[in-house]
Amino acid sequence: MVEIKNDRLLRALLRQPVDVTPVWIMRQAGRYLPEYRAVREQAGDFKTLCTTPELACEVTLQPLRRFRLDAAILFSDILTIPDAMGLGLYFTEGEGPQFKYPVRTAQDVEQLFVPDPERELRYVMEAVRLIRRELNGEVPLIGFAGSPWTLATYMVEGGGSKEFSRVKRLMFDQPPLMHRMLDTLARAVTAYLNAQVAAGAQVLMLFDTWGGVLSPRDYREFSLRYMEQIIRHLTREREGRRVPVILFTKNGGQWLEVMAESGAEALGIDWTTSLHDARVRVGSRVALQGNMDPSLLYASPERIRREVATILASFGHGLGHVFNLGHGIQQHVDPDQVTVLVEAVHELSRGYHSA
């Protein structure tokens, strides 16, 4: 077994005892850090930053130099897979990600393929290997991918969307075609995540950013079904350890019971769901990750500490809590506020883990 000096995250995800509640932050490597902005400027553009392993490694490690975080998360983008499929991903300032060749027709769907992670996505695997080497066992490394449904929304819409009209029209009018697309994406995500594990990722996370825009019926059929398919085929043991999986559906609090049956070890919870209620509903089936409103990091240090205390109390005593924001950190947050958050979690949680 490879030694990990700080394995709190792995233990918490597997609902094992820890000394304090582990904490990491979604998008912890990002624009709120001046050192990140400097490397981003050096890269010239966001895509170059993502596709250059040495730069991706550097920005992955930056938050760990500032904060006593309990995990690193690979710096990458959820749209690497559709880009590797040849859809022409590009980023426009102020507009976010866009595709030159969106998927709109049956022929478009039929042309999709499962990229070889060590060929079309080799830059990601090289980044994972480099990060693991540089971490030197200090904390575990989280690998991740977007869920098939979330990837499909960008691929069909051609970029971000508020109404999701194109992808929902495809889903409603041509469900067999939508299922073909989602199945291809599920196989691609499975291969991609398994390659990340082989390269050194020790935890996996599925980001279902847009599952929450679906009805309960459609969530089960077009989102959860394919995440379950992925989880069934993931590598779950590596280097003598279990590889835990975290499933996060933004605005998915109404579906926790069925998500808890997905095979994932943990569920990410956003701030619209009470951790106490979530724990009552899922029982001991899964760990829970979350769930502070990211905007609270704009508040005073005293208010941040009070919120940390409230969230820890909401989960209560017992096994299986990973502290996180309910979504990604926002770009204008003062890094000193993150220090307040991380230190408060470690300090205030100790009493919840005493024998």
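A crossing of two helices is left-handed if the near helix is turned anticlockwise from the far one by less than a right angle, and right-handed if it is turned clockwise. The model described here is predicted.

**Helix packing**

The crossing of α14 and α15 is right-handed. Helix α14 spans residues 301-315 and helix α15 residues 335-349; they pack at an angle of about 40 degrees, and their axes are 9 Å apart. Because of that angle, α14 is oblique to α15; angles under 35 degrees would count as roughly parallel.

On the α14 side, the contact is made by Pro301, Ile304, Arg305, Val308, Ala309 and Leu312. Their counterparts in α15 are Gln337, Val340, Leu341, Ala344, Val345, Glu347, Leu348 and Ser349. By class, the residues of this contact comprise 10 nonpolar, 2 polar and 2 charged.

**Cysteines**

How many disulfides does a search of the whole structure find? The search finds 0. A disulfide is a covalent bond between the sulfur atoms of two cysteines, and the cut-off applied here is a sulfur pair within 2.5 Å. The cysteine sulfur closest to that of cysteine 50 belongs to cysteine 57 and lies 14 Å away, so the two are too far apart for a bond. Cysteine 57 is likewise in no disulfide, its nearest cysteine sulfur being that of cysteine 50.

Are these cysteines buried or exposed? Cysteine 50 counts as buried because its relative accessibility is 7%. Cysteine 57, at 4% relative accessibility, counts as buried as well.

**Backbone features in loops**

Glycine 290 and asparagine 291 are joined by a cis peptide bond, with omega at about 0 degrees. Asparagine 291 lies in the loop between β10 (287-289) and α14, and α14 is one of the two helices of the packed pair above.

Positive phi values in residues other than glycine occur at arginine 27 and at asparagine 251. The table gives their values and places.

| Residue | Phi | Loop | Relative accessibility |
|---|---|---|---|
| Asparagine 251 | about 60 degrees | between β8 (245-249) and α12 (256-259) | 38% |

Asparagine 251, at 38%, counts as partly exposed.

Methods
Residues numbered from 1 in each chain as written. Predicted model: local features only at pLDDT ≥ 70, side-chain atom pairs only at ≥ 80, totals over all residues. Heavy atoms only, no water. Axes fitted to C-alpha atoms, helices over the stretch in contact; angles between N-to-C directions. Helix = DSSP H or I, 4+ residues; strand = E, 2+ residues; numbered from the N terminus. Parallel < 35°, antiparallel > 145°, perpendicular 65-115°, else oblique. Contact = heavy atoms within 4.5 Å. Nonpolar A, V, L, I, M, F, W, Y, C, P; charged D, E, K, R; others polar. Buried < 20%, exposed > 50% of the residue type's maximum accessible area, 1.4 Å probe, protein only.
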